Amino acid sequence: MNKGHMQRAASGSSSNTWATKLHRVRALVVKETRQVVRDPSSIAIGVVLPLILILLFGYGLSLDVKNVPIALVIEYPGPEAIELAAGFQLSPYFHPTLTRSMPSAQDLLLEHQVDGIVRIPADFSRRVGAGDAGVQLIVHGGDANRARIIEGYVQGVVGAWSARLAAQGRPGQLQPVNVLSRLWFNEANDSSYFLVPGLIVLVMTLIGALLTAMVMAREWERGTLESLLVTPVRSEEILLGKTLPYFALALVGFLLCVLSAKFLFHVPLRGSIWVLFGDSMLYVLVALGIGLLISSWVKNQFVASQLTMLATFMPAFMLSGFLFDLRSMPTWVRLITYALPARYYVALLQSVFLAGNVWSVIVPNTLVLVAMVAMLAFASRLVMHKTLE
């Protein structure tokens, strides 16, 4: 009888303990939520900043090359030369400046007023009749990638002109093999399809890590966290109470980013919205964990913000695959990227948005994010536990 009474008492004590913990966590969440609502900077970072970044980067950052300024040198205005020049003038990829001499075109290139020179020689019409006509191309090589793109565009214009000649039964430079190409996952050939999902990574990184790092460090500076530490509240309850409001705020920023991607930039969402939402929640937790870890260790707002930018935002921008292909990087740099959560989130977003539910991509990257959430939670709890002591 006494044994049963003791078991019931222990059970009641355990349930009471859990109820007490939930009550304390709820009180911390309410307190932190009120602080977020009263703090204009938190609202600005969580709501206004995502809109500014998505609009600024989405409209201002583009890998497409259009309206390329070129100098078009027509040494003799024969009918074939005029027809080829019209191909450049009507193309949306070029903004030609007509000239009759190479020296003036070279001056434009040296002054960087044009990115290239297309020279149609004086004997162009005669050589077209003989079937061995050629066009000279000089491209400014300061930006090697842009130079290769311009070279491809020029070849495309000349190839289209040669195809028209062949269709009319006239000699030209048509290649014996035609290449029939098709773009998968980006039929519009628009770089925003590639860039906008990466922008979501930057926004989520900035909101999650910077907000938590700043707020924890600010409380250390003001001494409000020390007064909280002397209460019966446990360290994991403090971490949970600090995380939940900013987790909700980060999801608001995520929702704004997805709506902007869909309705402003018309990026298709071919995968499951639930997969996208679940993986985004995991990444937000990773970003929050990094912010908590940094602020619990540093305890200074300025140093915490600088470390957060250095440890999260810059790697997400440069080493996540958002802008630069990871396979083209040196081996030692690629090895570093495996430790960055942004690498896995970028792969997930680009797959879900453009290709759909490719589980061979989704499952391993999701598992890595889950492992990172667990490790960061343990590390944050460890650092906070040491602080309490």
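Entry 1: I am working from a predicted model. Four strands form an open sheet, ordered 2-1-3-4, with mixed pairing. Strand 2 (94-99) and strand 4 (136-139) are the edge strands, and each pairs on one side only. On average it is 20 degrees, direction ignored.

**Entry 2: strands 1 and 2.** I then followed strand 1 (residues 68-74). It pairs with strand 2 in the parallel sense, over six bridges. I looked up two bridge partners in strand 2. Pro69 is partnered by His95. Ala71 is partnered by Thr97. Next I asked how many residues of strand 1 are buried. Six of its seven residues are, so strand 1 is largely enclosed by the rest of the structure.

**Entry 3: the helix across the sheet.** I turned to helix 4 (residues 102-110). Helix 4 lies across strand 1, strand 2, strand 3 (116-120) and strand 4. I noted its angle to strand 3, which is about 165 degrees.

**Entry 4: the surface patch.** I looked for nonpolar side chains on the surface. Leu51, Leu55, Tyr59 and Leu264 form a nonpolar patch there. Together they have about 360 Å² of accessible area. I picked out Leu264 and asked where it is found. Leu264 sits in the loop between helix 9 (235-263) and helix 10 (273-298). Its relative accessible area is 39%, so I logged Leu264 as partly exposed. Patch residues need over 30%, and Leu264 has 39%.

Notes: Residues numbered from 1 in each chain as written. Predicted model: local features only at pLDDT ≥ 70, side-chain atom pairs only at ≥ 80, totals over all residues. Heavy atoms only, no water. Patch = residues over 30% accessible without salt bridge, like charges linked within 9 Å, V, L, I, M, F, W, Y side chains within 5 Å. Areas by Shrake-Rupley, 256 points an atom, 1.4 Å probe, with all protein chains shown as cover. Salt bridge = Lys/Arg side-chain N within 4 Å of Asp/Glu carboxyl O. Buried < 20%, exposed > 50% of the residue type's maximum accessible area, 1.4 Å probe, protein only. Pairing = 2+ DSSP bridges. Axes fitted to C-alpha atoms, helices over the stretch in contact; angles between N-to-C directions. Contact = heavy atoms within 4.5 Å.
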